[in-house]
Amino acid sequence: MGLAGTKAGARAVVFDSGLGGLTVLGAIRALRPDVDIVYVADDAAFPYGRLSEADLIARVATVMGRIVAERRPDIVVVACSTASTLALPHLRAAFPGLPFVGVVPAIKPAAAESRSGLISVLATRGTVARDYTRALVREHAADCEVTLVGSAVLAPLAEARLRGEAVDDADIAREIAPCFVEKSGARTDHVVLACTHYPLLRDAIERLAPWPVAFVDPAPAIARRLDSLLGSAPKTAPGRSGAVLFTSGRRPGDSLQKTLLRYGLEFTPSAAISLATA
């Protein structure tokens with residue numbers, strides 16, 4: 001059984017610092033088209049990597065408090081590794097009756113499936129530095145050699161691309177290069193995409209990779225977790241459009257609005273939240 005009374009017509013908030021959570025939203029849409037989705041981009045505070053841990057926790061708590069009060073979701077997906085690793089315990093304590101689903105770097109499945117024993121975790125610098133990530137490596141990848149690669153520019157590059165701006169292949173290639181390790185005749189064979197922004201660049205990353213690897217995207221697992229919490233949907237459940245909220249209050253450009261429509265999201269000026277940064 002899932003959540004009582006939250007099958008057809010359930011409302012989910014998908015939250016991220018920017019647009020990376022669209023990769024998670026896409027997986028949820030594919031699995032649960034019946035769910036009413038409100039996508040919240042905290043673009044006023046993007047990128048979260050520039051905030052201290054205390055400021056980030058306070059920021060997420062402020063935004064979530066307002067969203068929960070105004071939108072009354074049945075479930076919240078925190079589609080951001082940085083926010084998940086820091087803020088989820090605080091959110092669950094603040095809203096004990098509301099299920100939260102977070103993003104965990106998919107180190108466990110990558111280690112289980114690796115044949116070479118060489119895996120890499122491509123993440124933000126904050127996620128790479130966090131004790132939480134290193135604990136996952138110790139717990140789930142003790143038999144592998146794990147290379148942690150932190151990038152400060154891939155998430156902004158993904159945002160720029162979604163907005164229709166040109167992105168230089170050389171900038172992407174430079175950021176992913178440390179993921180590819182050769183040692184004693186073995187090569188990296190799995191790369192964990194530990195930031196939800198990175199699958200937005202997946203076609204370019206795959207094309208620029210020096211050799212083929214399996215890229216591990218957490219989005220399908222997050223969608224399955226949401227599905228298990230909500231319970232099965234009626235077979236006749238129709239697809240639903242969703243709303244998108246930007247904390248900056250800025251109107252997205254035409255190119256981004258077209259992208260949002262492809263994800264089933266419609267922007268209206270009244271949907272702005274206009275929360276100042278922390």
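Mentor: Let us begin with disulfides. A disulfide is a covalent bond between the sulfur atoms of two cysteines. Here it is counted as a pair of cysteine sulfur atoms within 2.5 Å. This is a predicted model, in which local features need pLDDT of at least 70 and side-chain atom pairs count only at pLDDT 80 or more, while totals for chains, interfaces and linings use all residues. Residues are numbered from 1 along each chain as its sequence is written, and side-chain values use heavy atoms, with hydrogens and water left out.

Trainee: How many disulfides does a search of the whole structure find?

Mentor: The search finds zero disulfides. For C80, the nearest cysteine sulfur is that of C195, 6.8 Å away. The sulfur of C144 is too far for a bond, because the closest cysteine sulfur, in C179, is 15 Å from it.

Trainee: Is C80 buried or exposed?

Mentor: Buried means under 20% relative accessible area, exposed over 50%, and partly exposed in between, with a 1.4 Å probe and protein chains only. C80 has a relative accessible area of 7%, so it is buried. C144 is also buried, at 17%.

Trainee: How should I read a helix, and where does helix 3 bend?

Mentor: Helices (H or I, at least four residues) and strands (E, at least two) are DSSP runs, numbered from the N terminus. The expected span of a helix is 1.5 Å times one less than its number of residues. Helix 3 covers residues 81-94, which is 14 residues, and reaches 19 Å from its first C-alpha to its last, close to the expected 20 Å. A bend is the angle between axes fitted to the seven residues ending at a residue and the seven starting there. Helix 3 bends by about 60 degrees at A87, with a proline, P89, following within four residues.

Trainee: Against which elements do the buried residues of helix 3 pack?

Mentor: Contact means heavy atoms within 4.5 Å. The buried residues of helix 3, including S81, A83, A87 and L91, pack against partners that include helix 2 (53-71), strand 3 (75-78) and strand 5 (118-124).

Trainee: What is a nonpolar core, and which residues have the most contacts inside the largest one?

Mentor: A nonpolar core is a set of buried Ala, Val, Leu, Ile, Met, Phe, Trp, Tyr and Cys residues joined through side-chain atoms within 4.5 Å. The largest has 52 residues, and V77 and L122 have the most contacts inside it. Helix 10 (residues 219-230) gives the most to this core, with six residues. Leaving aside neighbours within four places in sequence, V77 is in contact with residues including F15, V101, I222 and L226.

Trainee: How many aromatic pairs does the structure hold?

Mentor: Rings of Phe, Tyr and Trp (its six-membered ring) pair if their centres lie within 6.5 Å; planes under 30 degrees apart count as stacked, over 60 as edge-to-face and the rest as tilted. The structure holds three aromatic pairs. One of them, F95 with F100, is tilted, at 6.2 Å centre to centre and 40 degrees between the planes. F100 counts as buried because its relative accessibility is 6%.
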